[in-house]
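Have a look at the model first, then read on.

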Amino acid sequence: DMVLVGGANVYPAEVEAVLESHPAVRSAVVVGVPCPDLGSALHAVVHTAAGAANEDELRSFVADALSRPKVPKGFSFVAEHLRGEDGKVRRAQVTEWVHKKLGVAPSAGATMGGAASTVGLSASLVSAASVNSVGKCSAALTFAGRVAIVTGAGNGLGKEYALLLGARGARVVVNDLGVSLKGEGGSASLADATVAAIVAAGGEAVANYDSVVDGGKIVQAALDAYGRVDIVINNAGILRDVSFRKMSLDDWEKLYQVHLRGAFAVTQAAWTHMEKQQYGRIVNISSSTGLYGAFGQAVCAGQRPTRDSDSLSPRYTHARHMSHHAASHGRTMRR
């Protein structure tokens, strides 16, 4: 039996073994359910003594032992043993029951052993009071209750990120200096326009005009406005269209300040708050220029991949409730 979760092969038996090692769990069955975000996700049906364990406790228990794709997204608690007299899990029956309970068709990413069962679990298996959470994947990804900072959000892709987050329920701090592609000038109009668009669509947002080099000020703006910071998208960037031979130290330094130092400053300022609240998502925006190079873009090509590296190293120092990613766009105008 195997479930494909976000591109990772997950074997339910491994997750079941971890769950059943918990002192409060008498038996457990893990099945795959459809999830728009991941293709498939895991749902655990657990038999425990009444009130002996809750969803958060068991999810944390599994997360401490296994990688993220193997942590069940949803839990249901039942009052009947989930293994037959032969010790085998009642996977076909439990799978059918879970899919009916969630109102979904069987997951295309899941393969279940045994013939499909037309016999449901016994009537005593589940009562309304015994189900803690069905953990159904939302068809529309939501960031309700989350606070997001998007740098360079006054135009281009940064604006699109901010608009999408706002449309999905996040309260957004729209950061932009309003400078040109070369990092010259400055205006509050770009950030204000993005905020206005988010508010007009029914969302919440505030503008911030600080440089990313002053990352602490940007994070403080989020704290002042909304009391927390959950998501950081390091998108701000400027351009220097110059070959390596003609590149000046000033060209290199100005891009360094925005692309690397700025991303570091914002991320580090948000880091401790994310740790304290046990939730954090950081996305560093890279580019195809950084990955493959391009004529006249030697500075970007040299610094953008470092954002990718910066996205990897913190993974080995943060707690399991935080994640750090790099995303690369193609040949589109970022501003």
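**Helix 1 against helix 2**

V15, V18 and L19 of helix 1 touch L58, F61, V62 and A65 of helix 2, where contact means heavy atoms within 4.5 Å. This is a predicted model, in which local features need pLDDT of at least 70, side-chain atom pairs count only at pLDDT 80 or more, and totals for chains, interfaces and linings use all residues. Residues are numbered from 1 along each chain as its sequence is written, and side-chain values use heavy atoms, with hydrogens and water left out.

- Axes here are lines fitted to C-alpha atoms, for helices over the stretch in contact, with angles running from 0 to 180 degrees between N-to-C directions.
- Helices are DSSP runs (H or I, at least four residues), numbered from the N terminus.
- Helix 1 goes past helix 2 in a right-handed crossing, meaning the near helix is turned clockwise from the far one by less than a right angle.

**Helix 4 against helix 5**

- The axes of helix 4 (residues 156-167) and helix 5 (residues 189-200) come within 9 Å, crossing at roughly 25°.
- So helix 4 runs roughly parallel to helix 5 (angles under 35 degrees count as roughly parallel, over 145 as roughly antiparallel, 65 to 115 as roughly perpendicular and the rest as oblique).
- This crossing of helix 4 and helix 5 is right-handed too.
- K159, A162, L163 and G166 of helix 4 meet T194, A197 and I198 of helix 5.
- By class, that gives 4 nonpolar, 2 polar and 1 charged residues.

**Helix 6 against helix 7**

- Helix 6 (residues 215-226) and helix 7 (residues 249-277) have axes that come within 7 Å and cross at roughly 45°.
- The pair is therefore oblique.
- On the helix 6 side, the contact uses G215, G216, I218, V219 and L223; helix 7 brings A265, V266, A269, A270 and H273.
- Those residues divide into 7 nonpolar, 3 polar and no charged.

**Helix 7 itself**

- Helix 7 bends by about 40° at Y256 (the angle between axes fitted to the seven residues ending there and the seven starting there).
- After helix 7 comes Q278, with a positive phi near 60°.

Notes
Helices (H or I, at least four residues) and strands (E, at least two) are DSSP runs, numbered from the N terminus. Ala, Val, Leu, Ile, Met, Phe, Trp, Tyr, Cys and Pro count as nonpolar, Asp, Glu, Lys and Arg as charged, and the others, Gly among them, as polar.
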